[in-house]
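Here is a short briefing on one structure. Look at the model first, then read the points below.

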Amino acid sequence: MKTNLERFFSSFVTTIVLLLIYAFGLAVATFIEKYHGTATAKAMVYYSPLFFLLQFLLVVNFIAATIKHQYLKRGKWGLMLTHFAFIIILLGALTSFLFGEEGILHLREGETSNQIAVRTSDNTTFHTLPFSVELKKFTLTRYPGSASPSSYESEVIVHVDGEDREERIFMNNVLDVKGYRFFQASYDQDEHGTILSVNRDVAGRNITYTGYLLLVIGLILCLVGKDSRFMRQSRRLKELRKATNVTVLLLALLAVPLSVNAGGKASPMLDAVQKYAVSPEHAALFGALPIQSGSGRMMPVNTFSSEILRKLHKSDKIGQLNSDQFLLSLLAMPDMWMRVPFISLSNPELAAYYDLTDGECAYIQAFDSNGSYKLQEKLEEAYNKMPAQRTRFDKDLMKLDEQLNIFHQLINHQMLNLFPKEDDPNHKWYAPGDDLSAFTGKDSMFVSRIFDWYLGEVQEGLKSGDWAKADEVVGMIDTYQQAKNKTLDISPKRMQAELKYNKMDVFRYCKIGYLVLGGLLLVLSFAMLFRRTRWMKVAVWLLGAGVLVVFHYHMFGMGMRWYIGGYAPWSNSYETMVYVGWATVLAGLLFVRRSTITFALATLFGGIILFVSGLNWMDPEINPLVPVLKSPWLMFHVAVIVAAYGFFGISCLIGLTNMVMMSVAGKKNKEILKARITELSIVGEMALWVGLALMTVGTFLGAVWANESWGRYWGWDPKETWALITMVVYAVVTHLHLVKRWNSLWLFNLASVIAFASVLMTFFGVNYFLSGMHSYGQNDNVHGIFTYLYIALGVVVILAVLSYRRWKTKV
């Protein structure tokens, strides 16, 4: 009995089974949370006795395996330290759970309290602090001219040990008093009260942070240690490349990007408005004027017009008109544009129900013969439903209503916030169609008349082709802006940089470069497996140099976006996709000397990622950050964790490539293919190890960010839970080789592909299927990618079956 227990607890099969159960339990818990609430998920899974038992069994399993395989005697320091660090982290989490205190302190201005509200699943109790806190003043700062909060802070007086300490608490700036940490959580709607989250967890935090530090050291040792799995595989790869006589069947993989002509047949009304096109030079002059967005960001009109056209038409051009020409044409000829079917409409059911043109509809079609708004009745029904109950029809109806409202506001000269009011306390800029009664004297006369005058000159320019007077009026608006803007620091260099960034269209050209160069590299790389010639080597070198140029251009574009926005460019879905593409190519560059095929796959994958980022459901708009994202920890957390996705992506592509080669394996080529598949599998495993290390460090950097921002390092939010699931899934893949009967090339490559589904769920799926604190980074139109994912799933299933049959029978 004792022997059986020892065998069970020290078995690597037990390790993998426990990890899979752990990952499955976590995944189920995220859906329980969605449908039944956080408290239920915690009670049923996260804080349940069975879940604690599962984690305890994992600890026992590691200790038993360490004793059985004598890791300590064999000097496996990286392995030991990494796994020991996880035990420390679990111990810290247990300490926090048992002894930590969490509560809420709600104060009104002038109020003093020493009571925090502690909420449990059953009721709310109050805990007395060994000091009291008085709210002196609460301040909410908004982005200029916007209702969006830029920051909020509480000026407090702490009465402790007979002293009065004046302190400030704001997002990412914590107050620490006698082990109690106060975080700015929220505020009262009248902006005269604050809500502070309070946390006391000195022991748990210190233990957990120690575990994080040991984990980083352990992971570094796992990657650079002489006797680590990573370094052994690296040496094995070199030996394979020296020993192998490289001859193999040339495999031609053709990637044919699909281009969709969304416009279809041009409408007669669109042809008519294009005959009266605004001069590109004058449109560029107007496009260079600064404008204040609805979120308070200062940007060129060119950026504003691009965003408007993308929202209405899902493109940055319409016919032969660029976005600035479109905006001026719309403002100058609104009656004609009302009849142009250019407003994007992707739901045929919606088009048929309201008798709208399928694909693209005109503004005027949304009104009946009596002038009544056709969408009103169903729209009210949609808004009265809970978000989870809204159908696809409801969501598309609301989206169409938003587009029609944008059009309506534009033809009424709203949204065009061109005119600053020098003494406005909120630094608001006004549009010609706004209520301008706040302006007085000459300013009132100017802002109320100049825009109509300007559009009159634009209309004259459309008739005569002479744009001198229109240019002159744009100059007057520019002069007024400079004279009356007294509070906002509008950098001309930054405005010019944004105009240049818009014109360069960096990431579109990078996409083309990666797809073309990566495709050619892939074909050449496979050709070189069959026969190496000097011209092939030169061609690969030149293509590699080309990729390096595109890579630096990609990095330049990200740098420009960072400079324009004022923050690291990975705060939303679009920016993160662009960064993932860059990180993927970077990962390929790191493996270029070990495997040209890997480099080619990484380059091609980088292009595919940029292709996805350029789809019309990805919004490239630069927005001001919400307060919680203004943290240096965020920059490191996202940068590291998303870089891991690049390495995971390479491993997935290598897995797919190997399964393709397995599918064509036969008696004549089995030995050659086996050598190539083995070599690529080693590269794939090395990529997995790097990715797993980055994913682990990035996840726990996020925990540090969470702790420093709102007082808890782990709260079982769906996004962080799925990041943990991804870690566990890839831990399973990297441990498969420890079980003899599972140590096969086919299973490893298939697992590398399947594991990438956890990355997709973490990145896309959580925002689509679930909800949580990370919703500020979500994309409401993420469902657009799921068609591609379902196709990919079908391809993987077919490849898995074919490769298994051929590989097992022929090799």
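Glu191 sits in the loop between β7 (180-187) and β8 (193-200). Helices (H or I, at least four residues) and strands (E, at least two) are DSSP runs, numbered from the N terminus. This is a predicted model: local features need pLDDT of at least 70, side-chain atom pairs count only at pLDDT 80 or more, and totals for chains, interfaces and linings use all residues. Residues are numbered from 1 along each chain as its sequence is written, and side-chain values use heavy atoms, with hydrogens and water left out.

**Positive phi in loops**

- Glu191 is not a glycine, yet its phi is positive, about 65°.
- Glu191 is partly exposed, with a relative accessible area of 24%.
- His413 lies in the loop between α15 (392-411) and β15 (419-420).
- His413 is not a glycine either, and its phi is positive at about 60°.
- His413 is buried, with a relative accessible area of 16%.
- Buried means under 20% relative accessible area, exposed over 50%, and partly exposed in between (1.4 Å probe, protein chains only).

**Helices α2 and α25**

- Helix α2 (residues 12-36) packs with helix α25 (residues 718-735) at an angle of about 160°, their axes 9 Å apart.
- Axes are lines fitted to C-alpha atoms, for helices over the stretch in contact, and angles run from 0 to 180 degrees between N-to-C directions.
- The two helices, α2 and α25, are therefore roughly antiparallel (angles over 145 degrees).
- In α2, the contact residues (heavy atoms within 4.5 Å) include Ile16, Leu19 and Phe31.
- In α25, they include Trp722, Val728 and His735.

Definitions and conventions. Angles under 35 degrees count as roughly parallel, over 145 as roughly antiparallel, 65 to 115 as roughly perpendicular and the rest as oblique.
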